[in-house]
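Please find below some notes on the packing in this model. They are meant for a first reading.

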Amino acid sequence: MKLLQERIIKDGTVLPGNILKVDSFLNHQIDVKLLIEIGNEFKKRFTEKRITKVLTVESSGIAVATVTAINFKVPVVFAKKGHSHNQDEKLYESEAYSFTKKQPYVMKVSKKYITSMDTVLIVDDFLANGEALKALIDICHQAKCKIAGVGIVIEKSFQPGREKIEKFGLKIESLARISKMKNGKVFFIV
Ligand code: 5GP
């Protein structure tokens with residue numbers, strides 16, 4: 001997605017540890033116009049599937065999931081991180097290792113909101129080592145729902161995430177695929 005690539009080049013900052021900071025338009029301040037274009041692009045790329053829910057993880061996935069779900073006219077479900085206050089609620093749980101925080105965390109989704117009747121599109125802002133996606137896929141497997149595919153805004157293709165997710169046989173659509181980040185510059189797979 002050219003518009004997104006241009007914005008990453010203009011406003012993205014490369015931080016140590018292969019982290020791309022996109023706080024000015026995606027992760028802290030949100031450029032809603034760009035986000036709506038992102039949602040429209042996912043709708044174009046997943047037209048063939050009968051999607052009933054868009055699943056993501058809090059917090060940075062929520063905005064992306066929302067602009068996507070509005071196009072499919074379906075709800076967003078976001079996995080919550082950490083401990084639940086409502087101990088009675090029946091939950092799917094899966095553990096992931098955080099790329100940015102360098103620590104494990106648990107993702108939880110209420111069993112009320114994903115069932116075996118659902119066809120789920122998973123979306124997230126970034127794909128790095130694939131840990132967050134692996135946990136979301138695991139939750140879908142626990143729910144025995146169908147997975148329509150995976151939509152990623154920014155994929156760091158030099159990290160092993162895509163390879164891990166492809167092993168599940170899922171379609172992955174990434175709107176910007178970064179081949180390398182060097183001397184503060186971002187290079188894309190075209
Ligand atoms: P993974 O689980 O694939 O290793 O990492 C994906 C998650 O880590 C995403 O949900 C995202 O929030 C965060 N993340 C990974 N790499 C980056 C990055 O370069 N920049 C930002 N802002 N977040 C990242």
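1. A crossing of helices counts as left-handed if the near helix is turned anticlockwise from the far one by less than a right angle, and as right-handed if clockwise. The crossing of helix 1 and helix 3 is left-handed. Helices (H or I, at least four residues) and strands (E, at least two) are DSSP runs, numbered from the N terminus.

2. This is a predicted model, in which local features need pLDDT of at least 70, side-chain atom pairs count only at pLDDT 80 or more, and totals for chains, interfaces and linings use all residues. Residues are numbered from 1 along each chain as its sequence is written, and side-chain values use heavy atoms, with hydrogens and water left out.

3. Helix 1 (residues 2–11) packs against helix 3 (residues 32–45) at about 140°, and their axes are 10 Å apart. Axes are lines fitted to C-alpha atoms, for helices over the stretch in contact, and angles run from 0 to 180 degrees between N-to-C directions.

4. In helix 1, Leu3, Leu4 and Arg7 meet Leu34, Glu37 and Ile38 of helix 3; contact means heavy atoms within 4.5 Å.

5. An open sheet is formed by 8 strands in the order 5-6-4-3-7-8-9-10, with mixed pairing. Strand 5 (91–97) and strand 10 (185–188) are the edge strands, each pairing on one side only. Two strands pair if DSSP finds at least two bridges between them.

6. Strand 3 (residues 53–57) pairs with strand 4 (residues 76–81) in the parallel sense over 4 bridges.

7. Helix 3 also lies across strand 8 (146–156) and strand 9 (172–182), at about 120° to strand 9.
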